[in-house]
Amino acid sequence: VAALSGQAQKFMQNMQKQQLELVDKNANTCAAAYIVLTNGMRVPPEMLQKYYDLLGDRAKMSIYGKVVAAQLTEFKKTAEGEIAPDFTVNTPEGKPVSLYGIKAKVKLVDFWASWCAPCRAENPNVIRLYKKYHDKGLEVLGVSLDDNKSKWVQAIMQDGLPWLNGSDLKGQASEIARVYNVRQIPYTLLLDENNRIVAKNLRGKELEKKIEELLLYTLRKVVKKFLMN
């Protein structure tokens, strides 16, 4: 499986390289804009911006180019450094929970689903981080892309997820996932105490390091404010 996964990754990288070359050579054509648009559903926003920047003025003014420009405008609303849009989800018990309603020094928004094997495999690591940093100011909100409530609740119980969990039970058609440009899961957003997006899609040691940095930064701010008073 690991070998096949590596081959698939190399194939995708090679395909993206060839597509970039094709767009670059035909930058001012509608065909190039169409290639950029069709690839926009499969690549991260940063890569889509790279594709779009290659286009000439005529291609950008085509119907395909205008759609890509509109997509990029939406993506920028949830870029790192921006304030995360608020949303509300229901817990398994039917209680509404809003992102802004959660008060914490650091927030981790974790998009996942019961049917997502990589998500379930990552859950033990997130549980470890939650137990280690929750008392220091970390809160986690799990946003499920399930459409089957019983399977969602069963996965929460099986994996022992101790944090807040919510879902609109619309599966991959979730409006929240659309707003946040969630293309694949697991997908995480790390927010500061002001709901500003600090990092995206971190896992393992990188996620833990960033959480530590944010908590330490917040602590320093509190100490500085105390000393000034």
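Student: Is Glu-213 buried, partly exposed or exposed?

Tutor: Glu-213 is partly exposed, its relative accessible area being 39%. Please bear in mind that the model is a predicted one.

Student: Which residue forms a salt bridge with Glu-213?

Tutor: The partner is Lys-210, and the closest N and O atoms of the two are 3.5 Å apart. Lys-210 is placed in helix α9, and with a relative accessibility of 25% Lys-210 counts as partly exposed.

Student: How are Lys-210 and Glu-213 separated within helix α9?

Tutor: Lys-210 and Glu-213 are three residues apart in helix α9, so about one helical turn separates them.

Student: How far apart are the closest N and O atoms of Arg-128 and Glu-208?

Tutor: They are 3.0 Å apart, and the two residues form a salt bridge. Arg-128 belongs to helix α6 and Glu-208 to helix α9 (residues 204-228), so this pair ties together parts that lie 80 residues apart in sequence.

Student: And Glu-208, buried or exposed?

Tutor: Glu-208 counts as buried, at 11% relative accessibility.

Student: How many salt bridges does a search of the whole structure find?

Tutor: The search finds six. One of them is a contact between the side chains of Arg-120 and Asp-159, at 2.6 Å from N to O.

Student: Which residues line the largest cavity?

Tutor: The lining is made of Asp-110, Cys-119, Glu-122, Asn-123, Val-126, Pro-186, Thr-188, Leu-202, Arg-203 and Leu-207. Helix α6 supplies the largest share of this lining, with four residues.

Student: How do the residues of that lining divide into nonpolar, polar and charged?

Tutor: In the lining of the largest cavity, five residues are nonpolar, two are polar and three are charged.

Student: Which lining residues lie nearest the centre of the second largest pocket?

Tutor: Those nearest the centre are Ala-177, Arg-178, Asn-181, Val-182 and Arg-183, out of 16 residues that line the pocket. By class, the lining has eight nonpolar, five polar and three charged residues.

Student: As for the surface, which residues make the nonpolar patch?

Tutor: Tyr-34, Ile-63, Tyr-64 and Val-67 make a nonpolar surface patch of about 360 Å². Helix α5 gives the most to this patch, contributing three residues.

Student: Where is Val-67 placed?

Tutor: Val-67 is placed in helix α5. With a relative accessible area of 34%, Val-67 is partly exposed.

Student: One more residue: in which loop is Asn-148 found?

Tutor: Asn-148 is found in the loop between β4 (138-144) and α7, and Asn-148 is partly exposed with a relative accessible area of 28%.

Student: What distance separates the C-alpha atoms of Asn-148 and Asn-194?

Tutor: The separation is 33 Å, for two residues that are 46 residues apart along the chain.

Student: And the C-alpha atoms of Lys-210 and Ala-199, by what distance are they separated?

Tutor: Those C-alpha atoms are separated by 8.1 Å, and Lys-210 and Ala-199 are eleven residues apart along the chain.

Methods. Residues are numbered from 1 along each chain as its sequence is written. This is a predicted model: local features need pLDDT of at least 70, side-chain atom pairs count only at pLDDT 80 or more; totals for chains, interfaces and linings use all residues. Side-chain values use heavy atoms; hydrogens and water are left out. On a 1 Å grid over the protein atoms alone, a cavity is a set of points where a 1.4 Å probe fits but cannot get out, and a pocket is an open set with protein on both sides within 12 Å along at least five of seven lines; lining residues have an atom within 4 Å of a point. Ala, Val, Leu, Ile, Met, Phe, Trp, Tyr, Cys and Pro count as nonpolar, Asp, Glu, Lys and Arg as charged, and the others, Gly among them, as polar. Patches are made of residues with over 30% relative accessible area and no salt bridge: like charges are joined within 9 Å, nonpolar side chains (Val, Leu, Ile, Met, Phe, Trp, Tyr) within 5 Å. Accessible areas come from the Shrake-Rupley method with a 1.4 Å probe; for residues, only the protein chains shown count as cover. A salt bridge is a side-chain nitrogen of Lys or Arg within 4 Å of a carboxyl oxygen of Asp or Glu. Helices (H or I, at least four residues) and strands (E, at least two) are DSSP runs, numbered from the N terminus. Buried means under 20% relative accessible area, exposed over 50%, partly exposed in between (1.4 Å probe, protein chains only).
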